[in-house]
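Below is what I noted down, in the order I checked it.

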Amino acid sequence: MAVGDADNDGDLDLYITNFGPDALYRNNGDGTFVDATTESGISGEGWITSAAFVDYDQDGDLYVVFNPAIECHENSEYTRILWPSEFRSSDGHTLP
């Protein structure tokens, strides 16, 4: 599980990893949470064992826009997972 302000509204939200689909719960600010998994586009499946929030470019957003079509083939045998800086931030800026 990770705790962070995923929607930048000042309230701490919850990202829960699972054996199966992950889930994001948005904090309503009144002691309740709403399931925001579908609207956020989260599709983590399998056995996810950890999660973290980080404001990589210090713009207040805790995520990047993931594009599964972008792959890095360092050689013909393996595909490397990209670093967050190789995507764009949620507001469209290129990360440092």
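**Entry 1: surface and overall layout**

How much accessible surface does the protein chain have, and what share of it belongs to carbon and sulfur atoms? I got about 6800 Å² for the protein chain, with 54% of that belonging to carbon and sulfur atoms. A reminder to myself before going on: this is a predicted model.

Next I looked up the secondary structure. I found 1 helix and 6 strands in the protein chain. Going along the sequence, the order reads β-β-β-β-α-β-β.

Then I checked burial. The protein chain has 96 residues, and 21% of them count as buried. I also looked at contacts with a separation of 6 or more: 36% of them come from residues 24 or more positions apart.

**Entry 2: the core and Tyr15**

Which residues make up the largest nonpolar core? I wrote down 5 residues: Ala2, Ala6, Tyr15, Leu24 and Ala36.

I picked Tyr15 from that set and listed what it touches, skipping residues up to four places away in sequence. Two of its contacts, Ala2 and Leu24, are on the list, and both are also core members. Tyr15 touches Met1, Asp22, Ala23, Ile42, Ala51 and Phe53 as well.

I found Phe53 in the loop between H1 and S5, partly exposed with a relative accessible area of 23%. I also took a distance from Phe53 to Asp5: they are 48 residues apart along the chain, and their C-alpha atoms are separated by 8.3 Å.

**Entry 3: a nonpolar patch**

I noted a nonpolar patch of about 310 Å², made by Met1, Val3 and Leu12. Val3 sits in strand S1, residues 2–4. Its relative accessibility is 44%, so Val3 goes down as partly exposed.

**Entry 4: aromatic pairs**

How many aromatic pairs are there? The count comes to 1. The partners are Phe19 and Trp47, arranged edge-to-face, with 5.9 Å centre to centre and 90° between the planes.

Where does each ring come from? Phe19 is in the loop between strand S2 (13–16) and strand S3 (23–27), while Trp47 is in the loop between helix H1 (37–40) and strand S5 (64–65), so this pair ties together parts 28 residues apart in sequence.

Phe19 is exposed at 73% relative accessible area. Trp47 also counts as exposed, at 64% relative accessibility.

I searched the whole structure for salt bridges and got 2. Some background for the page: side chains of opposite charge can pair when their charged atoms come close.

One of the salt bridges is between Arg26 and Asp7, with the closest N and O atoms 3.9 Å apart. The pair links distant parts of the chain, with Arg26 in strand S3 and Asp7 in the loop between S1 and S2, 19 residues apart. That 3.9 Å still qualifies because the cut-off for a salt bridge is within 4 Å.

Glu39 and Arg26 form a salt bridge through their side chains too, at 2.9 Å, N to O. Here helix H1 supplies Glu39 and strand S3 supplies Arg26, and the two are 13 residues apart. I put the pieces together: salt bridges with shared partners join Asp7, Arg26 and Glu39 into one network.

How exposed are the members? I have Arg26 as partly exposed, with a relative accessible area of 24%. Asp7 is partly exposed at 32%. Glu39 counts as exposed, at 60% relative accessibility.

I stayed with Asp7 a bit longer. What does Asp7 contact, leaving aside neighbours within four places in sequence? I found Asp13 and Arg26.

Asn8 has a positive phi of about 55°, although it is not a glycine. At 46% relative accessibility, I logged Asn8 as partly exposed.

How values were computed: Residues numbered from 1 in each chain as written. Predicted model: local features only at pLDDT ≥ 70, side-chain atom pairs only at ≥ 80, totals over all residues. Heavy atoms only, no water. Core = buried A, V, L, I, M, F, W, Y, C linked by side-chain atoms within 4.5 Å. Buried < 20%, exposed > 50% of the residue type's maximum accessible area, 1.4 Å probe, protein only. Contact = heavy atoms within 4.5 Å. Helix = DSSP H or I, 4+ residues; strand = E, 2+ residues; numbered from the N terminus. Areas by Shrake-Rupley, 256 points an atom, 1.4 Å probe, with all protein chains shown as cover. Patch = residues over 30% accessible without salt bridge, like charges linked within 9 Å, V, L, I, M, F, W, Y side chains within 5 Å. Phe/Tyr/Trp six-rings, centres within 6.5 Å; stacked < 30°, edge-to-face > 60°.
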